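Hi,

Here is the structure I promised to pass on. Have a look at it first, and then read on for what turned up.

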Amino acid sequence: MEQVVVGLFLTFFILEFLVEFILNEMNISYVRKRWVEQKIPDFFQGKMSPKDYRKSVEYTLAKGRFQRWAEVYGALVTLFVLFGGVLPYLDWFSQHVGGRFPSTTQAAGILFSFSTGLIFSILSLPTDLYSTLVIEERFGFNKTTLKLYLTDKLKGLFLGVVIGIPFLFGVLWLMEGTGSYWWLWAFFFIFAFQFLMVMIYPTLIAPLFNKFEPLRDGELRQRILALADQVGFKTDGVYTMDGSRRSAHSNAYFTGIGKTKRIVLFDTLIEQMTIDQGLAVLAHEMGHYKMKHIRRMLVIRGICLLVGLYILNLLVGYEPMFRAFGLEKPSNYGALVLFSLLSGPVTFYLNPLMNFLSRKHEYEADRFATRTLKDGRPMEEALIGLTVKNLSNLTPHPWYSAYHYSHPTTAERVSAIRKVSSSEYRVSSS
Ligand SMILES: [Zn+2]
């Protein structure tokens with residue numbers, strides 16, 4: 001049976017690898033072909049210099065070429081951990097060290113989960129470092145110094161320990177102590193835990209990495225608050241964040257839930273956009289809330305979690321799964337770690353579906369913004385401006401974007417916005 005488990009896993013694993021690799025190759029050659037035509041794509045004509053178009057192509061190709069090697073390297077790392085004797089060693093080590101604590105502390109399980117996670121984090125450092133400090137640097141986006149990079153990693157590790165220990169303890173304790181319905185208990189626990197994280201994120205976690213300041217009073221702030229009022233969006237305040245400390249890429253987001261929702265604007269966004277454009281971006285974000293996208297995604301993720309835990313429940317005592325990866329006997333923590341390592345190649349087929357839903361939400365939020373502002377142009381300009389400034393790929397391969405993109409391409413979004421504004425406001429926005 002062990003061979004069947006290994007064979008099944010490898011089949012899915014190789015398939016995932018091939019799909020990712022081939023899509024990347026298709027995207028690279030597609031972008032090259034469009035570039036040879038030497039024509040700036042429709043919506044960007046007059047908005048982007050030929051020099052910037054060239055730079056965006058070079059940026060896309062540099063990332064694509066690097067992705068090839070990152071793909072291969074990542075696959076080798078996973079195979080090494082699963083088949084290179086890493087898991088049996090970590091299991092022995094965790095039981096050896098964890099055995100000094102009472103078994104009620106779940107010390108062995110927590111150690112095993114952490115040490116496996118740590119191995120993956122350490123082995124992913126080379127590709128992560130290269131993409132941040134070499135590729136992003138070459139195209140002028142990187143503002144992170146090596147020192148800041150390492151401090152971020154250490155803070156992340158610290159948070160992982162502080163948050164991870166109670167989390168793992170809770171899950172392992174429920175697996176052990178609540179009988180055959182443990183998966184249902186674990187589901188409620190994990191769901192509540194995620195909720196708690198969303199609540200404490202804006203005030204306790206995010207400030208560890210960035211400085212947040214209330215947006216200074218002025219036209220922008222007044223108009224944001226008026227907009228929030230107009231659409232009935234309750235907020236705890238508008239903040240700016242020093243995103244420029246790490247990267248020149250720009251963004252805006254909402255965090256928190258209920259009345260503690262905060263609007264966060266990157267300083268880079270405020271610099272790059274006019275007030276009208278910034279408002280359009282915020283109207284779009286508020287659209288996600290008003291149209292209940294956030295809630296819907298939460299429900300879908302909840303269902304996935306419940307199904308995943310139920311499947312884990314079926315596998316938890318299945319000995320061949322453990323022996324296939326060198327673990328002598330079944331354990332709850334072993335099942336937890338193996339499941340999270342093995343499920344990737346199976347669930348990756350859900351990614352395009354989730355992205356499809358997410359793209360649908362983006363169109364709806366764009367429509368909301370256009371209707372709220374009774375004008376599609378600020379949203380259009382904001383999108384085009386962001387695409388140009390971020391040197392985004394103007395011409396992704398349709399299959400690549402269908403598979404990977406959580407947002408429609410800018411060209412798709414702009415033409416959808418024009419349809420809304422021309423049918424409802426008869427604005428000709430040429
Ligand atoms: Zn959106």
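Before the sheet, one definition: two strands count as paired if DSSP finds at least two bridges between them. Bear in mind that this is a predicted model.

On that basis, four strands make up an open sheet with mixed pairing, in the order S1-S2-S4-S3. Strand S1 (212–214) and strand S3 (252–255) sit at the edges with a single partner strand each, so one side of each has no neighbour in the sheet. On average, neighbouring strands here are turned by 30 degrees against each other, ignoring direction.

S1 pairs with strand S2 (residues 237–241) in the antiparallel sense, over three bridges.

- Helix H6 (residues 182–209) packs on it, touching S1, S3 and strand S4 (262–266), and its direction makes about 130 degrees with that of S3.
- Helix H9 (residues 275–290) lies across S3 and S4 and runs at about 35 degrees to S3.

Then there's helix H7 (residues 219–231): its 13 residues reach 18 Å from first C-alpha to last, close to the 18 Å expected. Just after H7, Gly232 has a positive phi of about 70 degrees.

As for the whole protein chain, there are 17 helices and four strands. The C-alpha trace spans about 70 × 50 × 45 Å along its principal axes.

Cheers

Notes. Residues numbered from 1 in each chain as written. Predicted model: local features only at pLDDT ≥ 70, side-chain atom pairs only at ≥ 80, totals over all residues. Helix = DSSP H or I, 4+ residues; strand = E, 2+ residues; numbered from the N terminus. Expected span 1.5 Å × (residues − 1). Axes fitted to C-alpha atoms, helices over the stretch in contact; angles between N-to-C directions. Contact = placed C-beta atoms within 7 Å.
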